[in-house]
Amino acid sequence: MSKYIVEDTRKVTTHRLLEMKKCGKKIAMLTSYDYTMAKLVDNAGVDCILVGDSASNVMAGNLTTLPMTMDQMIYHARSVVRGVNRAFVVCDMPFGSYQVNATEGVKNAIRIMKETGCDCLKLEGGVEIADTVKRILDSGIPVMGHLGLTPQSINKFGTYTVRAREKAEAEKLINDARLLDELGCCGVVLEKIPASLATQVSKIVNMPTIGIGAGHETDGQVLVIDDMLGMDQAFAPKFLRRYANLAEIITDAIGQYVQDVKDVTFPNSEEEY
Ligand code: KIV
């Protein structure tokens, strides 16, 4: 039995997230894309699970998140929801599902909620998508924002380097965060921005801020599960802390299996009928 099994099994809700911010309790968030991993993540006490469109990179091997479709996000989110009892499950709206207009955004948002059973949707952007965010919130669906490095706009940025170092972009980010907060978002992811800016935003807004590469003063942290478990040794950005080296553990285990099969030491007499 893991020493990290949580005793407080109450479901995490939008209300709990706001309470956590108010009383200074940090929010731990990780991504998951399938049932088995989501069950482990939930049991280990993670407060929020993000069914990220980073599935495009880590599950499907694409270079960007742009190819993800509604059907693919729904498949991943539905699988995750089946494995979760306690965590608040947030699903990314994929690129193209909410940028065209608010009506299409709401239609797609309702479809994801109906078909997955997730708790909340995450959309990238600020003022540009304000109408859509408002309409989705008006239909009763919790929304989490995402500002700073927004991977769905990677082709516009042309680089994965830190965002909002310049005054104009930092001011826009602050205004976008204020707007999302006023609209009633239940949180915002701040990705790869200077820690001082993330601290400032976290103090200004009522909603919880969840950082990734945004320093330690945000209200919570999020990492991509495959990255923090060390599934890809080549991916090593400064903000990433690796909590395991699963690539080595898995390769060793599989290598041992291959050897045992070839040596005819697996299965042995106790492993047969
Ligand atoms: O898709 C994702 O995993 C994300 C995180 C990087 C925040 O949006």
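How many aromatic pairs does the count come to? In this predicted model, the count comes to one aromatic pair. A further feature involving an aromatic ring concerns a charged side chain: Arg163 lies over the face of Phe157, at 3.8 Å from the ring centre.

The packing of helices was examined next. Two packed helices are described by the angle between their axes and the distance between the axes. For helix α6 (residues 130-138) and helix α8 (residues 167-183), the axes come within 10 Å and cross at roughly 20°. Because angles under 35 degrees count as roughly parallel, α6 is roughly parallel to α8. The crossing of these two helices, α6 and α8, is right-handed. On the α6 side, the contact is made by Ala130, Val133, Lys134 and Leu137, while α8 contributes Leu179, Leu180 and Leu183. Sorted by class, the residues in this contact of α6 with α8 are six nonpolar and one charged, with no polar residues.

Helix α6 also meets helix α5 (residues 102-116). The axes of α5 and α6 come within 9 Å, with a crossing angle of roughly 40°. This angle makes α5 oblique to α6, and the crossing in which α5 passes α6 is right-handed. Ala102, Thr103, Gly105, Val106 and Ala109 of α5 meet Asp131, Thr132, Arg135 and Ile136 of α6. By class, the contact of α5 with α6 comprises four nonpolar, three polar and two charged residues.

Definitions and conventions:
Residues numbered from 1 in each chain as written. Predicted model: local features only at pLDDT ≥ 70, side-chain atom pairs only at ≥ 80, totals over all residues. Heavy atoms only, no water. Axes fitted to C-alpha atoms, helices over the stretch in contact; angles between N-to-C directions. Helix = DSSP H or I, 4+ residues; strand = E, 2+ residues; numbered from the N terminus. Parallel < 35°, antiparallel > 145°, perpendicular 65-115°, else oblique. Left-handed = near helix turned anticlockwise from the far one by under 90°. Contact = heavy atoms within 4.5 Å. Nonpolar A, V, L, I, M, F, W, Y, C, P; charged D, E, K, R; others polar. Phe/Tyr/Trp six-rings, centres within 6.5 Å; stacked < 30°, edge-to-face > 60°. Lys NZ or Arg CZ within 6 Å of the ring centre and 35° of its normal.
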